[in-house]
Amino acid sequence: MLNFVTTPQNLDERFRDAVTALPAPGTRRAPGDAVRDGSTLTGARALELFDAQLASRHLDLAARWLRSFNEGFYTIGSSGHEGNAAIAAALLPTDPALLHYRSAAFFCARAKSLADAARDVLRGVVASAHEPIAGGRHKVFGSADLNIVPTTSTIGSHLPRAVGLAFSVARAHAAHRWPADAIVAATFGDASANHATATAALNAAGWFEHSDIRLPLLLVCEDNGLGVSVPTPDGWLAAMLSSRPGVRYTSADGCDLAGTYDAAAEAAGYVRRERRPAVLHLPMVRLMGHAGADAEVAYRTTEAITRDLERDPLVHTARTLVEAGLFSPEEVITRYDEIGWQVRKVAEEVLGEPKLASVAQIVGPLAPRRPLRVAHEITEVATRAIGPGAATRLQAFDGKLPEQGGPLTLAQTINATLTDALLANPGALLFGEDVARKGGVYGVTKKLQERFGSERVFDTLLDETTILGLALGAGLDGMLPIPEIQYLAYLHNAEDQLRGEAATMSFFSSGAYRNPMVVRIAGLAYQQAFGGHFHNDNSVAVLRDIPGLVLAVPARPGDAAPMLRTCLASAAADGSVCVFLEPIALYHTRDLYEQGDNEWLSPYAGPVSWSSEHVPVGRARTYPVGNASDLTIVTFGNGVRLSLRVAARLAEEGFGSRVVDLRWLSPLPAADLVREASATGRVLIVDETRRTGGVGEGVLAALVDGGFVGSARRIAAADSLIPLGPAAQHVLVGEDAITQGAHALLAR
Ligand SMILES: Cc1ncc(C[n+]2csc(CCOP(=O)(O)OP(=O)(O)O)c2C)c(N)n1
Ligand SMILES: [Mg+2]
């Protein structure tokens, strides 16, 4: 016998040898009886789960077989983790599950048939366009029918979403995708448990529990003692997971099917009954290395590898079944071979299936956009607000409708629009740091909790990862989350929840799952009284390159309302992930040209004009100044105000210009941009983000791509962080630089 295993052949031989060496069957237990004394797992269920375990093992062997002749593209397997079949058995099929990449036996156990499961998984392995969840875009366990939500390869990043989903499932609301008694299950690895996202999720789960907020969440740690080559210190997982306040901890041997089932059923029962979070820790083993290409002999002793082999969960279940008299060793081998042949047959069938063959096919489900549906959604919302919702609306606004008052600031306008949004959509939730009781650092969300209650408008713990995780889960569950990130600089430590999670969900599920959201972020520079980089961050590069993400930056109050309504309607109708970046320095700005002119304020448009004043995603706004024919200034955000002021002075000098407010930084309004630029032949880009990686680069590229042949110049912020106090003016774009840039262009 071999000392250690590195190949599928070794593992296969080991299994056959170990099963053949099992003692003769014990007295036969009835299938309805416990598979062994003291367990709640019946013999019949154990046999079913054993099939799932065998299928999972053979899927690993088939993946490596496909890889051996370059037809398979994924070999991270589940061998040694097959005990997770018992987790599926301990849950209801309607419980949403977010799975670790080694939870194949869970997937097989929940599938309608082993053939279905094998086909789904192997289609993923060969990147078949027929793969039912990701359509060949990714190898992932997912299925809308099976309530398995696809996860990404970024370990632990699904856990904040799982918290958010449990949070949402526990709240009463008609739009829920999952039943009110559902619990959310998420599996993850031992090394993953150390990741910031995992610790954020564990902490948030405990925080909610401590705050007496229901969270039906079962976290399951599949602990094989290794993260690729790095061993998890002995006892660390048990110590760490068992000491999370508010999260109940239990543990079982993950190689023992019946023991795992008992522990999982008990933990799931607790979570379902109590609506409280729990973590189940399952020590298990990893067989055949991390992935196909991993030679674990390079970093593990043969003793350690052999020790793991001796705990092979398949042999363990075989022993349980033989001792229960349900199978003889020969019957185990026969079943193993039968399932092996079935899986191999499916592998042969799928390897010739078509792959994704065009950009259009690939990006189809990335971020579907139906502008007419969005416009229609806004009309419907307006019709309700004018008609049946009118009385509630009047009441929400304390008897004083915003359209009947005077002109509003940007902050007041956003507040009124959010009020209208929460009125229009009972599934809309608004949350973040300080948004509820305080009403936001800048007062933008003032009175919203008073108006809508703490079920819909609430303060969260101070953790951006959790805030976005709540949005991810709530959106998945059918709600319309409106999370707030307090400052743009603080998005970054949680950014992957947008990039890796939010923006990929529709892509990796072919649209079967979506996580609509409108993330409000206060940002950009020019705050007079509150300086320093972190409150004046002027970089949006990390947002602009996320495929499919909508990035809106309102400048004028009159634009902010329709743009926010468009984001909300797009999220509701198309499942869009929208970021609504609010320029802090303009929140309370009143004047444009002169002190006291109130020119920056706008009246609030009531629902009668929401339809006619609709602003589609990706449409710019042009302000003609003077004859509007000498120069085009392309800008956004604070740049709009600066540019309008400069344009007014240029008009006094006899130069007419058109100031283009992009309004949408992603997707850029390319057609409007090229048209307005070509109208004058001279383009001055006024970009308050940095010269390198800033919006201006994208604007120039869009002009070139669109065939613009005139002259162009760019005024942008320095490649610097923002210093405190008046020094900030040296790195930010100012009116003098804009004026100089304009004169240089006009001189051409
Ligand atoms: C955030 C992140 N960092 C690094 C990786 C690369 N990586 C993939 S799997 C893995 C180890 C994970 O170990 P563990 O959580 O114990 O799961 P196991 O593979 O052992 O089941 C690493 C480092 C990743 N996928 N995600
Ligand atoms: Mg591990």
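Reader: Which residues does Asn-415 touch, not counting residues up to four places away in sequence?
Author: In this predicted model, Asn-415 touches Gly-443, Val-444, Thr-445, Lys-446, Leu-448 and Arg-451.

Reader: Where is Asn-415, and is it buried or exposed?
Author: Asn-415 sits in helix α16, residues 410–424. Its relative accessible area is 11%, under the 20% cut-off, so Asn-415 is buried.

Reader: Changing topic. What coordinates the magnesium ion (ligand 2)?
Author: Asp-190 through OD, Asn-224 through OD1 and Leu-226 through O, at 2.0 to 2.1 Å. Along the chain these donors follow the spacing D-x33-N-x1-L.

Reader: Where are Asp-190 and Asn-224 in the chain?
Author: Asp-190 is in the loop between β3 (184–189) and α7 (196–210), and Asn-224 is in the loop between β4 (217–223) and β5 (226–227). The pair is 34 residues apart and links distant parts of the chain.

Reader: Buried or exposed, those two?
Author: Asp-190 and Asn-224 are both buried.

Reader: Backbone next. Which peptide bond is cis?
Author: The one from Ser-666 to Pro-667 is cis, with omega near -10°. Pro-667 is in the loop between β18 (664–666) and α24 (670–680).

Reader: What is phi of Met-288?
Author: Near 75°, which is positive, and Met-288 is not a glycine. Met-288 is in the loop between β8 (278–283) and α10 (302–309). Its relative accessibility is 3%, so Met-288 counts as buried.

Reader: And what about phi of Ala-628?
Author: Ala-628 has a positive phi of about 60°. Its place is the loop between β15 (621–625) and β16 (631–635). Ala-628 counts as buried, at 5% relative accessibility.

Reader: Now the whole chain. How many helices and strands?
Author: There are 26 helices and 20 strands. The radius of gyration is 29 Å, close to the 27 Å that the globule rule gives for 748 residues, so the chain is as compact as a globular protein of that length.

Reader: How much of the chain is buried?
Author: Buried residues are 61% of the 748. The chain exposes about 27,200 Å², and carbon and sulfur atoms supply 54% of that area.

Reader: How many positive and negative side chains?
Author: The chain has 68 positive and 81 negative ones, and the centres of the two sets lie 4 Å apart.

Terms used:
Residues numbered from 1 in each chain as written. Chains lettered and ligands numbered in written order. Predicted model: local features only at pLDDT ≥ 70, side-chain atom pairs only at ≥ 80, totals over all residues. Heavy atoms only, no water. Helix = DSSP H or I, 4+ residues; strand = E, 2+ residues; numbered from the N terminus. Rg over C-alpha atoms; globule rule 2.2 N^0.38 Å. Buried < 20%, exposed > 50% of the residue type's maximum accessible area, 1.4 Å probe, protein only. Areas by Shrake-Rupley, 256 points an atom, 1.4 Å probe, with all protein chains shown as cover. Lys, Arg positive; Asp, Glu negative; His and termini not counted. Charge placed at Lys NZ, Arg CZ, Asp CG, Glu CD. Donors = N, O, S within 2.8 Å, 3.2 Å for Na, K, Ca; no water. Contact = heavy atoms within 4.5 Å.
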